[in-house]
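Have a look along with me.

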Amino acid sequence: MRWGFIMRKFWLICVVFSITTLFSCMTINWKNPYPDMETITYDDGNVYEFKNNKSDVLIIFIEGQSWLSVLGYKYKDTWHTLGFGYYIIQFLHEEYNIMIPEKFNRQIGKDYGGDPQSRKIYDLNNLVENYSTKINDYLSNNYFSSIILVGHSEGAAVLPFVYETITDRERIKGLVAFSYGGLSRYEQIKILADSELKMPEFLRETWQNIDEYKQDINAHADSLAELDGISYRWYNSFLDYKPYDHYINITIPVLFIHGEKDINVPVESTRYVQENLPDKPFDYIYIDAAHVFPNRKTMIYIKEEGIKWLNKLL
């Protein structure tokens, strides 16, 4: 458990550092970073709505892996970390409506890393059910002419799976997948183990021993022991889950965006989709970046290219 604690802290530091670097060029109101937000509560938890009355297009954003609320972490009256969704709001809210579904019954700004119940339910199938239920509830009560599903990291991993579970799919015009691609977590880790990318040696050693860890995970599938700061239960559900198997059946446009220096999910995971599904209406943007994109210039470029792509769809 001590190793898992160390890896979890390392993962959190990396994410916080990357997002902090990204936001360092922005003026952030840490007391109230989400001033235009409305919280809608369903039986199974919250969704966060950012309305734009000038648009009838909706962006639904699915956040990456974290033990925090999808909005970030708030202590007392000050936010200390923000989710990747904050960037989505800052760059896209002027043009579109945005909705972000919460993970399970988590509350705004809270940390659930030490909550056993939260850890027990955190796996692939429960995540997909959580997102699809909230999205279906929200869409049944709100009309939008066009909907775009966007996911980052874990959110991009479940993205095509969630799409297939949405009742009102005909209004979904496209998907945007940041930093995941189509390979399973096991396949990604095997690539990282032999990668020439710079990464901490203890992380590379972890990836190189993945076959031993996988045996242990298979033997203790529901364990809350950790690898890379994430529970065995999560890994048991994601190691062999391959988003590519869902993309095979998807016929709407998909935009993949991936950093070529990603040491969490290798860029080969997205290139695999491009090489094996060349006839799909899929587009690809590769950038000089890691898992969480490091600077405002990169994000402005992605925004410009992303809006060009959206305009073609809409």
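Entry 1, ground rules. I am reading a predicted model, where local features need pLDDT of at least 70, side-chain atom pairs count only at pLDDT 80 or more, and totals for chains, interfaces and linings use all residues. Residues are numbered from 1 along each chain as its sequence is written, and side-chain values use heavy atoms, with hydrogens and water left out.

I looked up N97 and found it in strand β6, residues 97-101 (strands are DSSP runs of E, at least two residues; helices are runs of H or I, at least four; both are numbered from the N terminus). N97 counts as buried because its relative accessibility is 3% (buried means under 20% relative accessible area, with a 1.4 Å probe and protein chains only). A polar atom of the N97 side chain lies 2.9 Å from the backbone oxygen of S55. Leaving out residues up to four places away in sequence, N97 touches several others, among them F50, D56 and F144 (contact means heavy atoms within 4.5 Å).

I traced an open sheet of 8 strands with mixed pairing, in the order β1-β2-β6-β3-β7-β8-β11-β12 (strands pair if DSSP finds at least two bridges between them). β1 (37-42) and β12 (282-287) each have a single partner strand, so one side of each has no neighbour in the sheet. Strand β2 (residues 45-50) runs antiparallel to β6, joined by 4 bridges. V47 stands opposite P101 in β6.

Note on methods. Buried < 20%, exposed > 50% of the residue type's maximum accessible area, 1.4 Å probe, protein only. Polar contact = N/O pair within 3.5 Å; in protein donor to acceptor, adjacent residues only side chain to side chain.
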